[in-house]
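Let's take a friendly walk around a ligand and the place where it sits. Have the sequence and the 3D view ready as you read.

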Amino acid sequence: MPPFFSVERLTKRFGGLVAVDAVGFELRRDQIVGLIGPNGAGKTTLLRLITKILKPDAGRIVFNGEEITGLRPWEVVDRGIAGTFQNMRPFRHLPIIANVMVPLVAPRARRRGEWIKRIEAKAMDALEFVGISDMALEPAAALSQGDLKRLEVARAIATEPELLLLDEPLGGLNPAESELLAKSIRRLHKGGRFGRLHSEGPAVLMIEHKLKELMSIVDRVIVLDHGEIIADAPPAAVVRDPKVIEAYLGSEHAAA
Ligand SMILES: Nc1ncnc2c1ncn2[C@@H]1O[C@H](COP(=O)(O)OP(=O)(O)OP(=O)(O)O)[C@@H](O)[C@H]1O
Ligand SMILES: [Mg+2]
């Protein structure tokens with residue numbers, strides 16, 4: 001059987017800089033995986049290659065046995081991959097709930113015979129899941145940085161993806177909020193029902209600098225440095241890896 005998801009020798013250059021350098025890994029459907037590394041390591045670029053916001057210079061991406069390397073962003077969403085972005089650009093003048101409804105108008109939802117009322121209900125469940133449903137009718141411009149992150153997560157999970165890609169979903173949240181959202185992501189991954197959102201538990205690939213929260217919910221951590229994978233192991237092994245300590249964690253963090 002082909003792997004659930006794989007990237008092979010994926011490469012992206014910006015001028016002379018190789019931001020992602022022949023990266024290869026596989027993901028299993030039942031895994032929640034952290035993606036860490038220093039600033040500029042290429043983490044966001046890697047996610048943007050997968051969601052097709054960026055075009056790779058070389059390499060392949062295979063999802064559910066189908067090569068998706070040449071697809072357009074909405075076609076990738078339609079296959080069941082949804083992601084959040086480090087820089088959020090909501091429709092600022094639309095109500096928060098409308099921002100979550102937009103991706104649901106894609107064929108993926110239409111094929112399931114869903115229409116406005118059900119879409120609205122699902123969008124509301126997604127907002128409830130991230131904890132901002134009480135603000136649903138306010139314009140997105142009213143949201144704080146932290147709440148914008150939550151809106152991004154809501155937009156992604158509302159499409160009920162099989163693979164969920166998150167770029168620093170805890171950024172801008174305080175420690176209590178971070179812990180809560182991290183636990184919710186873990187719960188979503190484990191599967192179950194969230195109001196009208198059914199979740200078979202998407203595989204999750206999550207970039208996050210908040211390591212305490214990240215390490216407590218992931219099964220595996222991929223470490224990127226200068227566009228290359230320098231470690232790929234369970235959290236406990238990664239934090240003790242000398243290469244990772246040198247490139248990213250520092251000895252202080254390792255001691256802690
Ligand atoms: N559109 C672009 N044009 C030119 N260079 C870019 C572009 N996007 C990213 N880069 C460069 O590619 C490298 C990797 O950037 P990327 O945003 O992927 O890093 P990152 O690991 O997500 O970092 P951070 O933890 O700070 O978010 C950096 O040197 C960055 O300056
Ligand atoms: Mg980034």
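This is a predicted model: local features need pLDDT of at least 70, side-chain atom pairs count only at pLDDT 80 or more; totals for chains, interfaces and linings use all residues.

Residues are numbered from 1 along each chain as its sequence is written, chains are lettered from A and ligands numbered from 1 in written order, and side-chain values use heavy atoms, without hydrogens and water.

Ligand 1 sits in the second largest pocket; sitting there means that more than half of its atoms lie within 2 Å of the pocket's grid points. A pocket is an open set of points on a 1 Å grid over the protein atoms alone where a 1.4 Å probe fits, with protein on both sides within 12 Å along at least five of seven lines; lining residues have an atom within 4 Å of a point. This pocket holds about 220 Å³ of space, a volume filled by probe spheres set on the points. Its lining has 17 residues, and Asn39, Gly40, Ala41, Gly42 and Lys43 are the closest to its centre.

Around ligand 1 there are 14 residues, of which Gly40, Lys43, Thr44, Thr45 and His209 come nearest; being near takes a heavy atom within 4 Å. Helix H1 gives the most to this shell, three residues.

The table lists polar contacts, which are pairs of N or O atoms within 3.5 Å.

| Residue | Its atom | Distance to an oxygen atom of ligand 1 |
|---|---|---|
| Asparagine 39 | side-chain N or O | 2.8 Å |
| Alanine 41 | polar backbone atom | 3.2 Å |
| Histidine 209 | polar side-chain atom | 2.8 Å |

Terms used. A polar contact is a pair of N or O atoms within 3.5 Å; within protein, one must be able to donate a hydrogen and the other to accept it, and residues adjacent in sequence count only if both atoms are side-chain atoms. Helices (H or I, at least four residues) and strands (E, at least two) are DSSP runs, numbered from the N terminus.
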